Amino acid sequence: MVNDWPPYPPLDETELEKAVRLEEENVAKRISDEIDRAIEHDRQEMRKKRHQTKILLLGQAESGKSTLLKNFQLQFAPKAFHAEAEGWRAVIQLNLVRSINVILSLLSKANSNPASPSPPPRFSKPKDDLRWLKVRLAPLRQVEVILNRLLGVNPDETDDADLVLDSGRLSEVAIRSNCGWQTLMRTERSSPSSRFLSDLDDARRILEACRDDIVSMCEDAVVRRILHEQGVVLLNEPGFFFDQAERIASMTYEPTPEDILRARLRTVGVEEHRLVMETLTASMEKGREWVFYDVGGARGQRATWASYFEDVNAVMFLCPLSGFDQVLSEDRAVNRLIDTMKLWKVISSSKLLQNATFVLFLNKSDILRKKLDSGVLFRDHIEQYKDQPNDFDSVTTYIKKVLLAIHKDNTPKKRDVHVHITCATDTNMMSIVLNSIHDVILMNALETTSLIS
Ligand SMILES: Nc1nc2c(ncn2[C@@H]2O[C@H](COP(=O)(O)OP(=O)(O)OP(=O)(O)O)[C@@H](O)[C@H]2O)c(=O)[nH]1
Ligand SMILES: [Mg+2]
């Protein structure tokens, strides 16, 4: 028997009954259309998801999340990466200028401090005096103001350059990444009427005019001694380019991929980055889009993370190995490595993330190596380590073991964790690592989507 819809009207139907029937049929049709639309929408969403890999980058502030994302771009979307180089040039120059301004403030404080040892004879001549250097480099304050403005940085949001020393670390040289700087740079540069280019040019001319003095300052033994006495190790500072100052201060400076990876730009909130793979290897991956969620890692920002936990294919968690002798900027009572372990426990135990692939990056391995080689004792900061050897392999093995045990004890569902010891600023090393995890993540994503489709 065939069920026709709508059913044939009764033969003896009155006008009133007909009107009621038609109205009911209209309502039924509207509901039916809405259901069809919802089904189609769900189908489209499902199709999109099937071609999307969703990745969360997690870890405390400065652990290297955004740097890892840059590596993904460089590896799999090099055209997009290089297209952004111009914007990074201004960020890197601002990183450099801000570092110098911070150090000049630090030097004048050290200079005016009667307790600090008097400078060697070289500085007794007025020309070589640190104060003289400060005068010669004073225009860099102006360069910082211009670059801040052009990049859309609100100076109130950056650290005060006069608050230079913070428990052996210089106050952070960073600008916020969510101020729309890339868009701003692109739009302004393409607008012929804007003063943007001439301001940028002015900033770069001043920077170049100061170049010799910048290099002298960076290489000066007395400056280095004062910084050393204050416990500042420049090589460990994010966003410091002292070893490259001469090149970066030049008018013709072009950032290299390594410079871009070393640039420091603090992430605020959660940023979504869509990466369309340019370098396709497997045919099954054609048209696939990787969506990265790069979060701000400071404690005050973590509350927003959970709303991004649904449907995640992979979690990339960064543990900065070098943080064992550092405290959090946002809470000086908390050791960075201990904070990372607590955070890892929370992430490991999340039910929403139970189907995600977990990749653990033991990052900043280069800085850990330097610290241990220079005699910093791991056990002085992590009591539980007791008298185990203070070498790189023993320390990394210990940290890895602790993190894997935390994961095993807390994960709602048994799974393997893919662990990599990395230096996220080393492009060669990262290229090998990313190619190996790329396949793992993709296979897992495909498996998951075939389960839900
Ligand atoms: N030496 C060294 N520096 C690194 C490494 N990984 C990242 N960095 C640097 O550390 C700084 C901080 O890295 P980011 O990627 O901005 O850190 P983040 O985790 O995104 O930090 P937030 O955005 O504040 O949460 C940058 O200047 C990087 O260049 C590493 O393995 N070795
Ligand atoms: Mg970041």
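Predicted model: local features only at pLDDT ≥ 70, side-chain atom pairs only at ≥ 80, totals over all residues.
1. **Where the ligand sits.** Domain 1 (53-77 + 278-451) and domain 2 (81-262) each supply residues to the shell, so ligand 1 lies between them.

2. **Who lines the site.** There are 24 residues around ligand 1, and the ones that come nearest are G64, S66, P238, T267 and G297. If you look at it by element, α2 (65-76), α12 (257-262) and α14 (365-373) are the ones giving two or more residues to the shell. Helix α2 has the largest share, with three residues.

3. Sorting the shell by class gives eleven polar residues, seven charged and six nonpolar.

4. **The annotated positions.** UniProt, in an unreviewed entry, puts the feature "binding site" at S66 and T267. These positions span 202 residues in sequence, but no two of their C-alpha atoms are more than 7.6 Å apart, so they gather at one spot. Both names are also among the residues that come nearest to ligand 1.

5. **S66 and T267 one by one.** S66 is part of helix α2, while T267 sits in the loop between β5 (265-266) and β6 (270-276). Are they buried or exposed? S66 has 25 C-beta neighbours inside 10 Å, so it counts as buried. T267 is buried too, with 21 other C-beta atoms within 10 Å; the cut-off for buried is 20 or more.

6. **Helix α15, length check.** This helix covers residues 392-410, and at 1.5 Å a residue its 19 residues should span 27 Å. The end C-alpha atoms are 27 Å apart, which agrees.

7. Which residues of α15 are buried? V395, I399, L403 and H407 are. They cover an arc of only 100 degrees around the axis, so they are on the same side of α15.

8. **L140, for contrast.** L140 belongs to helix α6 (residues 139-150). It has 23 C-beta neighbours inside 10 Å and so counts as buried. Take L140 together with V291 and you get a pair 151 residues apart in sequence and 39 Å apart in space, C-alpha to C-alpha.

Terms used
Residues numbered from 1 in each chain as written. Chains lettered and ligands numbered in written order. Near = placed C-beta within 6 Å. Helix = DSSP H or I, 4+ residues; strand = E, 2+ residues; numbered from the N terminus. Nonpolar A, V, L, I, M, F, W, Y, C, P; charged D, E, K, R; others polar. Domains from an automatic or database assignment. UniProt positions renumbered as here; feature names shortened; annotations may be inferred. Buried ≥ 20, exposed ≤ 12 C-beta atoms within 10 Å, placed from the backbone. Expected span 1.5 Å × (residues − 1). Arc of directions from axis to C-beta.
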